[in-house]
Amino acid sequence: MSGLVQVVVGGLADGCVYALIALGMSLVYSMSRIINLAQGGFVVFAALVAVSVQQWLGVSPFMVVLIVVVLFALLLAGVDRVIMMPAAARATPDRMLLVTVGLLQAIGGLLLLVWGNLPYTMQPFTGDTAVTVGGVRIVSQYFWIVGALALAVVALWFLLRRTELGLTMRATANNPEAAALQGVDVGRIRLIAFSLSGAMAALAGTTVIPATFLQFTTVTPYAVAGFIAAVAGGLGSNIGAVLGGLVLGLLQGVFSRYMSGELAQVIAMGVLIVLLLVRPTGLLGKASEVRR
């Protein structure tokens, strides 16, 4: 029994990473109607940058997180201005999906060019300590992964529900055209959404890299997992994105008890795809979101 609980705990840790990817995707989709499949690639990119920053500067893991979060918030803002905005002015949403796929492949190529084909990891934030509860060993880094997701969820909730900027962002998400007619700078709101998604990618990458090994080949699995989680939760629903990520991670953890990790991930995604066949709007999605 403890063995099953052990893999479930590991699955939920993976689920937190998927949830952060899906949350970034969902936020960007809400503000721009762009499904950014490259979000998973930016997670791996941020993780490898974190490894290099720690090696070059020798700073604490917490300073590494702060530096990478700021860097990727700025990077994704630049991606919006240089790539997404010009492309969106010429392409339909369907073709924008192909643009983000191309961006994902470009990230993978960049990682291969700069970091090579070797897997990377880095030291856990609080050392190789672990907590044992009821015979289940929980790696300390898992708490930081959970904390990163909790921080992102709470900060995003506060921004959207307790600030004037959040009110403007929600209005833009509900009806961008009407918001623009009321004087809202929709381009600025979208820029903020991309910047926040970059910060989320950095949080995911910097907290997961001490608990696993990442390299250029892992960009696609993270991108697919985040996309499935976002759609299964209900594209455009932030709560649904988190729920979809956690469910995907949980299913993956349970299935990995009985089969290889790669096959477990494929079957877990298959289960959520079947869910979408039964409920096309996802767990918490609305029909209006699908029509848009």
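# Questions on a predicted model

Reader: Into which class does the relative accessibility of Pro-86 place this residue?
Author: Pro-86 has a relative accessibility of 29%. Buried means under 20% relative accessible area, exposed means over 50%, and partly exposed is in between, with a 1.4 Å probe and protein chains only. At 29%, therefore, Pro-86 counts as partly exposed.

Reader: What is the basis of the values, and what pLDDT do local features need?
Author: Residues are numbered from 1 along each chain as its sequence is written, and side-chain values use heavy atoms, with hydrogens and water left out. This is a predicted model in which totals for chains, interfaces and linings use all residues, side-chain atom pairs count only at pLDDT 80 or more, and local features need pLDDT of at least 70.

Reader: Which residues does Pro-86 touch, not counting residues up to four places away in sequence?
Author: Pro-86 lies in helix H3, residues 61-88. Helices (H or I, at least four residues) and strands (E, at least two) are DSSP runs, numbered from the N terminus. Contact means heavy atoms within 4.5 Å. With residues up to four places away in sequence not counted, Pro-86 touches Asp-80 and Arg-81.

Reader: How do H5 and H6 lie, roughly parallel or roughly perpendicular?
Author: Helix H5 (residues 140-162) packs against helix H6 (residues 164-174) at about 85 degrees, and their axes are 5 Å apart. Axes are lines fitted to C-alpha atoms, for helices over the stretch in contact, and angles run from 0 to 180 degrees between N-to-C directions. Angles under 35 degrees count as roughly parallel, over 145 as roughly antiparallel, 65 to 115 as roughly perpendicular and the rest as oblique. H5 and H6 are therefore roughly perpendicular.

Reader: How many charged residues does the contact of H5 with H6 have?
Author: From H5, Leu-159, Leu-160 and Arg-161 meet Leu-165, Gly-166, Leu-167, Met-169 and Arg-170 in H6. Ala, Val, Leu, Ile, Met, Phe, Trp, Tyr, Cys and Pro count as nonpolar, Asp, Glu, Lys and Arg as charged, and the others, Gly among them, as polar. By class, the contact of H5 with H6 has five nonpolar residues, one polar, and, as charged residues, two.

Reader: How far is the backbone nitrogen of Leu-37 from a polar atom of the side chain of Thr-100?
Author: Thr-100 is in helix H4, residues 93-115, and counts as buried at 0% relative accessibility. Residues that Thr-100 touches, not counting those up to four places away in sequence, include Ile-34, Asn-36 and Leu-37. Between the backbone nitrogen of Leu-37 and a polar atom of the Thr-100 side chain, the distance is 3.4 Å.

Reader: What is the C-alpha to C-alpha distance between Leu-214 and Tyr-120?
Author: Leu-214 lies in the loop between helix H8 (186-208) and helix H9 (219-233), and is buried at 2% relative accessibility. Its contacts beyond four places in sequence include Val-44, Pro-119, Tyr-120 and Tyr-222. Leu-214 and Tyr-120 are 94 residues apart in sequence, and C-alpha to C-alpha they are apart by 5.3 Å.

Reader: What is the phi of Arg-33?
Author: Arg-33 is found in the loop between helix H1 (2-32) and helix H2 (39-57). With a relative accessible area of 17%, Arg-33 is buried. Although Arg-33 is not a glycine, its phi is positive, at about 60 degrees.

Key:
A polar contact is a pair of N or O atoms within 3.5 Å; within protein, one must be able to donate a hydrogen and the other to accept it, and residues adjacent in sequence count only if both atoms are side-chain atoms.
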